[in-house]
Amino acid sequence: VYCITTDDCWAVGAPNGTAANINHWDGSSWANISAPGVPNVILYSVHCVASDDCWAVGQKDGNAENLNHWNGSSWSNITAPGVPDVTLKSVHCAASDDCWAVGEKNGNAENLNHWNGSTWSNITAPSIPDKDLYSISCNAGNDCWAVGQKDGNTENLNHWDGSSWSSITAPAIPNRDLNSIDCIAGNDCRTVGLISSGENIDHWNGSAWSRAGPYASIPDSNLNGVSMVSTTEGYAVGDSGTIAGWNGSIWAGQASPVSSDLNSVSAIDATGGGGVTLVQWTEVIQ
């Protein structure tokens, strides 16, 4: 799920019968959006640069990659022969001509793909583990992080500096799968993942990764999605309806309206100056 404003959100998920499952929030209600040109397969991630410029990615369509674009009036499937025909798990755009999509490994290689405004291409990054990548977040065109399946007994954290990708060693981070990452500044990123003797929420301060905390009353569950509003406000969701909130000093469990797994969250500043006044939680069923 991704929200541009409080009245413009998109949520994607498993197929809706014989159609792709793309849904839109207009500020008062959710509506399923017909997208005949989009393959009838699971969509895992959506990200928007503007209200007329969104990308959604997902499970491969037969022997083709699955990249889909919203132009403000309709969704269409975009053919990208240079992108491996494997499942894509996450997409994020720093600008309309600067997007990244990551996913399941392509044979024995990492799966990183870039949009330059006209074409998608696969980017080779030998230093990145040949493991599945689950999430990507870009603070700027020269500052992106991608996380994913653990590499043996090592966490899987990778950074883009504008010219190359590199794997980042972070001994303080549990050697568990990392499912989601969100950056609000070059020195402020959060990533969440599978439990490791308790909550797995981790923080980048611009120089090092560390286990985030303290924690209060958060169920011992896998965390699947994270979204930060500011340095003092953020949200994480996970299995069995788990919801946790960050207030600038502590992560604390929050009451949840559901008991089923929550896989994605998008939180935005509804006031334009600090503080979320309305947060929509959306379940994306795998």
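Residues are numbered from 1 along each chain as its sequence is written, and side-chain values use heavy atoms, with hydrogens and water left out. Because the model is predicted, local features need pLDDT of at least 70 and side-chain atom pairs count only at pLDDT 80 or more, whereas totals for chains, interfaces and linings use all residues.

Strands of a sheet pair through backbone hydrogen bonds, either parallel or antiparallel. Strands (E, at least two residues) are DSSP runs, numbered from the N terminus, and two strands pair if DSSP finds at least two bridges between them.

E9 and E10 are joined by a hairpin through 2 residues and pair in the antiparallel sense over 6 bridges. Within this pair, serine 90 stands opposite valine 102 in E10. The antiparallel pairing of E10 with E11 comprises 4 bridges, and the bridge partner of cysteine 99 in E11 is tryptophan 115. Strand E11 (residues 112-115) in turn pairs with E12 over 4 bridges, also in the antiparallel sense, and leucine 112 is placed opposite isoleucine 123 in E12.

Strand E10 (residues 98-103) is largely enclosed by the rest of the structure, because 6 of its 6 residues are buried (buried means under 20% relative accessible area, exposed over 50% and partly exposed in between, with a 1.4 Å probe and protein chains only). In a regular strand the side chains alternate between the two faces of the sheet. Asp98, Trp100 and Val102 point one way from E10, while Cys99, Ala101 and Gly103 point the other way.

The largest pocket contains about 1,000 Å³ of space. On a 1 Å grid over the protein atoms alone, a pocket is an open set of points where a 1.4 Å probe fits, with protein on both sides within 12 Å along at least five of seven lines; lining residues have an atom within 4 Å of a point. Grid points are joined across faces, edges and corners, and the volume is the space filled by probe spheres set on the points. The lining consists of 48 residues, of which Ser45, Ser90, Ser135, Ser180 and Ser264 lie nearest the pocket centre. Elements giving two or more residues to this lining include strand E5 (43-50), strand E9 (88-95) and strand E13 (133-140).

Most residues other than glycine have a negative phi, and most peptide bonds are trans. The peptide bond from glycine 213 to proline 214 is cis, with omega near 0°; proline 214 lies in the loop between strand E20 (209-211) and strand E21 (215-216). Serine 217, in the loop between E21 and E22, has a positive phi of about 55° and counts as exposed because its relative accessibility is 71%. Serine 240, in the loop between strand E23 (233-238) and strand E24 (243-246), has a phi near 60° and is partly exposed, with a relative accessible area of 48%.
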